[in-house]
Amino acid sequence: MERAIFSSNPRKAPGPGDISFRVWQELWPVVKQWVVHIYRRSIQLGHIPKSWTEAKIIVIPKPGKPDYTIPKAYRPISLLRTISKGLEKVVAQRLLEYLERTEQLPHTQFGARPRRSTEQALTVLTEKIYDAWRKAKVLTLVTFDVQGAYNGVNKEVL
């Protein structure tokens with residue numbers, strides 16, 4: 001839990017509570033026992049306080065757009081409370097450790113995994129291409145920009 005607080009950028013914009021990670025890091029010796037208790041209880045109960053799910057939405061103009069009267073020229077950023085971001089990091093780390101330990105992630109999954117890099121993913125891709133060429137096969141690659149496409153997706157269907 002301490003790692004989640006201290007691995008976060010202290011200058012990252014805070015959410016509705018306006019408490020930055022820098023404040024949590026400075027106060028850690030004093031508030032540690034209470035934050036640890038709250039995080040543990042939240043995980044045990046499977047409950048996140050409602051106020052932790054509220055976000056402050058900031059709209060930022062995308063650079064280099066020719067017409068800023070068009071809504072697509074802006075990017076909305078959702079800022080959550082830093083205390084909830086800390087809990088999110090704890091849960092994400094525990095899930096990742098469990099999935100790694102039980103080998104439930106495919107070997108081809110490189111994103112958000114420790115000791116795996118873009119360079120390694122490209123090496124695997126290159127090897128697959130050369131392997132297909134050696135066997136005189138045609139290789140097709142389909143990629144998806146899920147993050148970029150998500151705003152245009154019907155969320156009910158998804």
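User: Where is Ile19 placed?
Analyst: Ile19 sits in the loop between helix H1 (2-6) and helix H2 (21-45). Helices (H or I, at least four residues) and strands (E, at least two) are DSSP runs, numbered from the N terminus. The model is predicted: local features need pLDDT of at least 70, side-chain atom pairs count only at pLDDT 80 or more, and totals for chains, interfaces and linings use all residues. Residues are numbered from 1 along each chain as its sequence is written, and side-chain values use heavy atoms, with hydrogens and water left out.

User: Is Ile19 buried, partly exposed or exposed?
Analyst: Ile19 is partly exposed, at 36% relative accessible area. Buried means under 20% relative accessible area, exposed over 50%, and partly exposed in between (1.4 Å probe, protein chains only).

User: Which residues make the nonpolar surface patch?
Analyst: Ile19, Val23 and Leu27 make a nonpolar surface patch of about 210 Å². Patches are made of residues with over 30% relative accessible area and no salt bridge; like charges are joined within 9 Å, nonpolar side chains (Val, Leu, Ile, Met, Phe, Trp, Tyr) within 5 Å. Accessible areas come from the Shrake-Rupley method with a 1.4 Å probe, and for residues only the protein chains shown count as cover.

User: What about Asp18, what is its phi?
Analyst: Asp18 has a positive phi of about 55° although it is not a glycine. Asp18 lies in the loop between H1 and H2 and is exposed, at 52% relative accessible area.

User: And Glu103, what phi there?
Analyst: Glu103 has a positive phi of about 50°, and it is not a glycine either. Its place is the loop between H4 and helix H5 (118-134), and Glu103 is exposed at 67%.

User: Switching to salt bridges. How many are there?
Analyst: The count comes to six. The rule asks for a side-chain nitrogen of Lys or Arg within 4 Å of a carboxyl oxygen of Asp or Glu.

User: Which one is in helix H2?
Analyst: One of them joins the side chains of Glu26 and Arg22, 3.3 Å from N to O. Both residues lie in helix H2, four residues apart, about one turn of the helix. Glu26 is exposed at 53%, while Arg22 is partly exposed at 48%.

User: Which pair links distant parts of the chain?
Analyst: Arg81 and Glu54 form a salt bridge at 3.8 Å, N to O. The pair links distant parts of the chain, 27 residues apart: Arg81 is in the loop between strand S2 (74-80) and helix H4 (82-101), and Glu54 is in the loop between helix H3 (50-53) and strand S1 (55-61). Arg81 is partly exposed at 21%, and Glu54 is partly exposed at 37%.

User: What does Asp131 pair with?
Analyst: Asp131 forms a salt bridge with Lys135, the closest N and O atoms being 3.4 Å apart. Asp131 is partly exposed at 31%, whereas Lys135 is exposed at 51%.

User: Now Gln25. Buried or exposed?
Analyst: Gln25 is in helix H2 and counts as buried, at 15% relative accessibility.

User: What does the side chain of Gln25 reach?
Analyst: The Gln25 side chain reaches the backbone oxygen of Ile5 at 2.9 Å. This is a polar contact, that is, a pair of N or O atoms within 3.5 Å; within protein, one must be able to donate a hydrogen and the other to accept it, and residues adjacent in sequence count only if both atoms are side-chain atoms.

User: Which residues does Gln25 touch?
Analyst: Not counting residues up to four places away in sequence, Gln25 touches Ile5, Phe6, Ser8 and Pro10. Contact means heavy atoms within 4.5 Å.
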